[in-house]
Amino acid sequence: MGGSNGEERIVHEVAIVVPKRVREEEEGDCVEVLVSELKKSGMVVDRVVGLADEFLKVAAPWETLGSAAAELHIRKPTRLGIDLPFEMQGSEAFFRQPDGSLFSWFERFHCYQHLLYGIVNSDGYDVTLKLDDREFVWAAGESLVRRLESEGVIKQMFPLHDELKRKELLQTWALNWWNFTNQPIDQIYSYFGAKIGVYFSFLGMYTKWLLFPALLGIIAQMVDFGSLQFLVLPSFFVSTILWAALFLQFWKRKNAALLARWQINYLVGPSQGYRFIGMEWSSLPFPKELIKNLGNEKFKEKEAYQRYEWFAYRKRFRNDVLVIMTIICLQLPFELAYAHIYEIITSDTIKFVLTAIYLLIIQYLTRLGGKVSVKLINREINESVEYRANSLIYKVFGLYFMQTYIGIFYHVLLHRNFMTLRQVLIQRLIISQVFWTLMDGSLPYLKYSYRKFRARKKKKSEGGPSTGKILIASRVEKEYFKPTYSASIGVELEDGLFDDFLELALQFGMIMMFACAFPLAFTLAAVSNVMEMRTNALKLLVTLRRPLPRAAATIGAWLNIWQFLVVMSICTNSALLVCLYDQEGKWKIEPGLAAILIMEHILLLLKFGLSRLVPEEPAWVRANRMKNVTQAQDMYCKQLLRSISGEFSSMAKTQQDSE
């Protein structure tokens with residue numbers, strides 16, 4: 001789908017699943033009508049018959065995508081430095097993607113949706129459609145795809161993998177184990193979209209930066225510094241806090257550089273808009289018509305906006321308080337009961353089994369809490385799907401934060417013993433890593449295998465060959481059996497990135513908040529992340545369907561959560577040092593303990609100070625933005641001057657003619 005150079009590779013990027021018909025109707029067959037309408041819209045259709053269903057593989061040539069983009073008024077960056085609605089005639093003026101294509105994966109999929117759902121009955125009269133023994137009416141002006149979906153004819157529509165690019169990514173990325181941390185980020189962005197590209201860029205940078213505290217952790221854990229040993233853990237604590245603060249600040253710079261390189265604005269993608277007096281916020285007639293509708297009184301307009309804004313804030317605040325109180329009143333006693341039982345058990349084997357059972361139970365309870373959170377979010381007023389997703393992230397992370405760390409806090413307060421605390425941390429890190437690895441790798445493959453087994457069993461029961469194995473030959477049917485890249489909680493709002501980011505955040509909190517107790521945790525995290533990059537890549541390219549693209553181009557709410565974990569780490573590690581150096585448990589403010597408290601306050605100041613000292617975007621990004629603004633101003637000024645000059649010339653000519 002390269003562009004307008006005439007050397008275009010047709011790639012089927014969307015599949016439509018319809019039932020395999022018992023007999024074909026002579027006239028009015030709904031599948032035949034659908035195929036005919038798709039071809040009339042300029043799309044290329046390839047039909048594949050599977051075991052129980054038929055698959056329509058759809059491709060859109062460049063001209064068809066360009067027409068859809070022009071109809072949608074998709075704004076794209078131009079070589080003039082400003083974003084303009086796409087037009088076919090001026091396609092050469094628009095920037096291309098890193099892979100050379102004119103449209104990103106998100107834009108292409110948006111165009112596919114517009115083309116598919118834009119097929120309407122324009123004959124002016126109802127059309128009768130047939131499928132085997134069923135008949136239904138396609139009304140005039142009605143969308144064909146929506147009608148077929150409501151009748152159950154179209155079972156699913158999903159994006160297809162591009163086999164050529166998928167194999168290329170497998171070789172250069174997923175199976176490239178020798179290159180531990182480097183990844184083809186531009187290729188990942190072009191193939192999966194901005195959100196997944198940003199995630200893997202963040203994971204790669206986080207893993208690279210982990211090498212420094214991992215090396216320090218090995219030195220702090222293994223080397224004996226003699227009389228200066230008492231300074232080792234405080235020094236390691238200070239180093240890790242400064243490392244974390246710098247990492248997050250430099251990630252902001254890298255994220256800004258990525259967006260500039262991919263020509264993406266921060267505010268990207270369609271917004272659902274606020275609902276305001278029965279209208280969408282984004283569709284409000286502003287400013288002239290809105291002021292007129294509100295009685296031509298400006299203070300009424302301002303009052304209405306403010307009332308609605310604070311009403312939205314109040315609903316979100318109410319839901320957040322409800323979730324926090326639920327965590328404190330219901331989840332906290334359960335977590336403390338588990339922590340207490342864990343402490344009174346003496347056998348390490350039983351403790352390990354108890355922890356595994358506890359993690360399974362808490363997963364069910366957390367999913368239940370996630371469902372409640374989704375219902376609360378649906379009653380909130382949020383600007384867009386991404387805002388709703390961020391609201392879900394904050395609420396669900398509160399549940400996971402409590403279940404992950406409350407038992408460890410309980411152990412610290414009860415024992416104040418670093419050796420036993422290290423055992424608990426090792427168990428938690430190993431169990432959680434094994435759990436997430438099994439969830440990421442095994443579960444999708446088991447789902448895929450089970451769906452293939454059911455399809456083959458159904459084929460045999462319907463009169464298929466009784467001996468031998470029924471083969472699934474077509475690639476599109478194999479992808480149909482694969483599970484989607486969906487979140488374990490809140491699938492209505494989030495995709496599989498929710499679980500991947502959650503795993504990273506919980507790991508970061510574990511190694512940071514208890515850094516003084518177990519410095520080697522950073523080494524384990526670095527090794528785990530190297531494995532995570534490859535297993536996630538294989539998961540996306542092999543065991544799952546191609547994910548739906550998302551417009552968001554930042555890590556969103558997760559950045560605030562990581563900032564929160566850094567602040568928590570300053571407090572928890574200071575408390576750990578107090579426990580370590582108060583050997584008699586008398587909690588007196590002696591000179592050493594006072595120094596720790598002073599160090600805590602200094603680190604808090606440094607953490608917030610670094611966010612001011614290190615700019616959030618590189619100088620070249622700021623320079624390019626200013627250059628683009630200047631170019632846009634110059635262009636509009638010249639256009640305005642020409643328009644004014646033309647008006648004055650016509651006025652002068654009219655005046656001369658009248659004289």
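**Figure 1. Close-up of E54 and its partner R47.** E54 is buried, with a relative accessible area of 5%, where buried means under 20% relative accessible area, exposed over 50%, and partly exposed in between (1.4 Å probe, protein chains only). The side chain of E54 meets that of R47 in a salt bridge at 2.8 Å, N to O; a salt bridge is a side-chain nitrogen of Lys or Arg within 4 Å of a carboxyl oxygen of Asp or Glu. The model is predicted, so local features need pLDDT of at least 70 and side-chain atom pairs count only at pLDDT 80 or more, while totals for chains, interfaces and linings use all residues. Residues are numbered from 1 along each chain as its sequence is written, and side-chain values use heavy atoms, with hydrogens and water left out.

**Figure 2. Close-up of R47 and E32.** The side chains of R47 and E32 form a salt bridge of 3.1 Å, N to O. R47 belongs to strand β2 (residues 44-49) and E32 to helix α1 (residues 30-40), so this pair ties together parts that are 15 residues apart in sequence. Helices (H or I, at least four residues) and strands (E, at least two) are DSSP runs, numbered from the N terminus. R47 is partly exposed, at a relative accessible area of 30%, and E32 is partly exposed as well, at 31%.

Figure 3. The structure holds 16 salt bridges. One of them joins the side chains of E151 and R147 at 3.1 Å, N to O. E151 counts as partly exposed, with 23% relative accessibility. E163, R166, R475 and E479 are linked in a network of salt bridges.

Figure 4. C30 is buried, with a relative accessible area of 0%. C111 is likewise buried, with a relative accessible area of 0%. The structure holds zero disulfides, a disulfide being a pair of cysteine sulfur atoms within 2.5 Å.

Figure 5. The mean pLDDT of the chain is 79, and 79% of its residues reach 70 or more; pLDDT is the predictor's confidence in each residue, from 0 to 100. Over residues 267-292, pLDDT stays under 50, and the model has 48 contacts beyond four places in sequence for this segment. Contact means heavy atoms within 4.5 Å. Over residues 584-589, pLDDT also stays under 50, with nine contacts beyond four places in sequence.
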